[in-house]
Amino acid sequence: MVEAFDAVDLIRTKRDGGTLSTAQLNWLIDAYTRGFVADEQMSAMTMAIFLNGMSREEIRDLTLAMIASGETLSFDDLGKPTTDKHSTGGVGDKITLPLAPLVASFGVAVPQLSGRGLGHTGGTLDKLESIPGWRAKLSNDEFYAQLRSVGAVVCAAGAGLAPADGKLYALRDITGTVEAIPLIASSIMSKKIAEGTASLVLDVKFGSGAFMQDPARSRELAETMVQLGNDAGTKTVALLTNMNVPLGLAIGNANEVRESVEVLAGGGPADVVELTVALAREMLALAGQPDADVESALRNGRAMDTWRAMISAQGGDPDAALPTAPEHHTVTAERDGVLVAQHALPFGIAAWRLGAGRARKEDPVDHAAGIDLHVKPGEAVTAGQPLFTMHSSDSARFERAAEALAGAYRIGDSGEPIEDGGALIQGRVG
């Protein structure tokens with residue numbers, strides 16, 4: 001039986017910089033999930049946590065309490081190792097699409113429970129739903145059967161996993177407490193630990209298009225999540241990656257699927273391939289295959305075969321034409337020079353305004369909307385050369401998208417330093 005406490009007393013403790021005990025956090029999360037603690041009270045608690053932080057022990061207890069609020073999955077009888085990846089999100093981040101089948105092609109199971117996009121960050125399920133027939137919702141039996149037969153599943157998480165997180169996440173979004181590291185870390189890790197994977201690789205991004213822009217804060221988040229995973233028995237490592245510039249050349253849904261297929265066919269943009277390969281190596285090392293030749297699986301079609309099987313198993317047609325937008329607008333270079341700036345966040349907002357994202361969870365997504373980049377920072381351009389093309393079902397959206405892109409890119413002179421440059425992968429934790 002969970003010991004009872006007074007919510008106001010716990011709020012005062014955290015407000016005044018105190019520490020909550022394991023029993024207090026267990027009670028708080030259980031009572032909030034059941035509706036005994038009101039949203040107003042939990043709002044005050046999340047703000048107190050945002051302002052005063054939490055100790056490592058408190059974050060661990062909070063995470064475990066959120067896991068205990070619902071069901072947990074187990075893959076012990078699957079007969080193969082399990083590994084998963086989670087990204088904190090960014091602009092053009094379609095890495096899950098080529099990564100899951102690539103890792104699964106080595107006989108490792110990848111149970112990828114994904115979400116939908118909100119705001120300027122795209123959702124993996126939205127991208128895959130641009131494939132005709134593909135469905136995100138699977139029964140537990142279908143989920144396990146596909147893991148056994150194909151090895152990779154990308155689908156929607158059931159409401160039973162860490163339901164406390166669902167309530168807390170919605171509350172944080174409307175109370176200005178989204179950025180609190182204890183709340184971010186416990187939100188992500190409660191779902192991933194409840195998912196039951198034996199190992200986990202985190203892609204923690206920083207920069208203008210990332211959830212967290214400061215590299216030091218991103219490292220703190222990565223370290224916190226790695227500790228939580230390892231404490232819970234989930235082998236966890238994290239890569240710190242640069243999201244100052246959009247990832248790849250496609251920003252949207254259907255066009256990101258096209259780019260992912262290019263990677264699986266042995267091509268694709270260099271940065272997408274680099275990150276896909278790096279994450280695959282980490283996942284396979286945790287799953288017991290540190291010497292796996294992941295590049296060969298992209299070159300020889302093995303990963304592509306798994307992709308086709310994964311899409312087909314969920315009702316999709318891997319050969320079907322993807323949606324294309326009826327309206328297009330291309331922006332060209334005004335002068336000769338070098339592209340020295342291409343800031344991720346404005347391009348993400350522009351794609352959202354074109355219809356590729358949603359402002360509310362219930363909003364529809366235009367799967368054909370988005371932006372295709374024709375040039376990346378550091379490349380030379382000539383006057384009149386296409387820089388990027390916007391796609392939408394409604395030409396009236398181009399004006400507002402263009403407003404978001406004012407100052408988001410710049411052509412400079414040869415030898416001028418690249419803004420927000422630097423290596424894509426800038427650190428490892430774990």
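**Exercises on aromatic rings and a pocket**

Eight aromatic pairs occur in the structure, which is a predicted model.

**Exercise 1.** Classify the pair formed by W27 and F36 as stacked, tilted or edge-to-face.

Solution.
- The ring centres of W27 and F36 lie 6.2 Å apart, and pairing requires centres within 6.5 Å.
- The angle between the planes is 80 degrees, and a value over 60 counts as edge-to-face.
- The pair of W27 and F36 is therefore edge-to-face.
- W27 and F36 also belong to one aromatic cluster, together with F5.

**Exercise 2.** Decide for W27 and for F36: buried or exposed?

Solution.
- W27 has a relative accessible area of 5%; the limit for buried is under 20%, so W27 is buried.
- F36 reaches 58%; exposed means over 50%, so F36 is exposed.

**Exercise 3.** Treat F143 and Y144 likewise, giving ring geometry and burial.

Solution.
- The centres are 5.7 Å apart and the planes stand at 80 degrees, so F143 and Y144 form an edge-to-face pair.
- F143 has a relative accessible area of 4% and is buried.
- Y144, at 17%, counts as buried.

**Exercise 4.** Which charged ends sit over the rings of Y32 and F106?

Solution.
- Over the ring of Y32 sits the charged end of K167, 4.3 Å from the ring centre.
- Over the ring of F106 sits the charged end of R302, at 4.1 Å from the centre.

**Exercise 5.** Describe the second largest pocket by volume and lining.

Solution.
- The pocket holds about 330 Å³ of space.
- Its lining has 16 residues, with V245, D271, K376, P377 and G422 nearest the centre.
- By class, the lining comprises nine nonpolar, four polar and three charged residues.

Note on methods. Residues numbered from 1 in each chain as written. Predicted model: local features only at pLDDT ≥ 70, side-chain atom pairs only at ≥ 80, totals over all residues. Heavy atoms only, no water. 1 Å grid on protein atoms, 1.4 Å probe; cavity = no way out; pocket = protein on both sides within 12 Å on 5 of 7 lines; lining within 4 Å. Points joined across faces, edges and corners; volume = space filled by probe spheres on them. Nonpolar A, V, L, I, M, F, W, Y, C, P; charged D, E, K, R; others polar. Phe/Tyr/Trp six-rings, centres within 6.5 Å; stacked < 30°, edge-to-face > 60°. Buried < 20%, exposed > 50% of the residue type's maximum accessible area, 1.4 Å probe, protein only. Lys NZ or Arg CZ within 6 Å of the ring centre and 35° of its normal.
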